Amino acid sequence: MVEIIGIVLTLLTIVFVAYPLLQKSQRKVSFAVNHQNEDLLARKNEIYAAVRDIDFDYRMGKLSEEDYASLREQYKQEAVKIMHALDRMAGHTPAESKRSGAKDGNTRFCHACGAQTQREDEFCSACGARLK
Ligand SMILES: [Zn+2]
């Protein structure tokens, strides 16, 4: 009996010691993801700023139309890549979020005009028909 208590205490001690370590490593992982997320958001803002810059340069006549168009296309493609990466990090693709949006039961349609409304809406925001 004493041996069993000793084993249980040893196991409990191991769990007590190991548990915070496990939690810490999990936190580290989610922190790394958040950090990556921040990097991507920062990069996205940089791209938007760069696009504003080339817009300005183009309007000022500092950029030729071809240069402007190709630069803009490059930035656009990078922005799209970043958006997709951010979507993946948020744990869903746009297609999946659309499906879950239709499934959540909060979306209804106006019987009068067919506009999309929310379950809690009393009146249709498009035509004003009473929904309840
Ligand atoms: Zn309506």
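**Helices, strands and confidence in a predicted model**

Helices (H or I, at least four residues) and strands (E, at least two) are DSSP runs, numbered from the N terminus. Residues are numbered from 1 along each chain as its sequence is written. The model is predicted: local features need pLDDT of at least 70, side-chain atom pairs count only at pLDDT 80 or more, and totals for chains, interfaces and linings use all residues.

The protein has three helices and two strands. Their order from the N terminus is α-α-α-β-β. The mean pLDDT (the predictor's confidence in each residue, from 0 to 100) is 81 for the protein. Of its residues, 80% reach 70 or more.

Helix 2 (residues 65–89) has the highest mean pLDDT, 92. Helix 3 (residues 94–103) has the lowest, 48. Over residues 96–102, pLDDT stays under 50. For that stretch the model has three contacts beyond four places in sequence. A contact requires the C-beta atoms of two residues, placed from the backbone, to lie within 7 Å.

The length of helix 2 was compared with expectation. The expected span of a helix is 1.5 Å times one less than its number of residues. The 25 residues of helix 2 should therefore span 36 Å, and its end C-alpha atoms are 36 Å apart, which agrees.

A residue is buried if 20 or more other C-beta atoms lie within 10 Å of its own, exposed if 12 or fewer, and partly exposed in between. Buried residues make up 2% of the 132 residues in the protein. Among contacts between residues at least 6 apart in sequence, 24% join residues at least 24 apart.

Two residues illustrate the local surroundings. Glu73 lies in helix 2. Glu73 counts as exposed because it has 10 C-beta neighbours inside 10 Å. Val51 is 22 residues from Glu73 in sequence, and their C-alpha atoms are 9.8 Å apart.

Asp57 belongs to helix 1 (residues 2–59). Asp57 has 14 C-beta neighbours inside 10 Å, so it counts as partly exposed. Not counting residues up to four places away in sequence, Asp57 touches Lys62 and Leu63. Asp57 and Tyr68 are 11 residues apart in sequence, with 8.6 Å between their C-alpha atoms.
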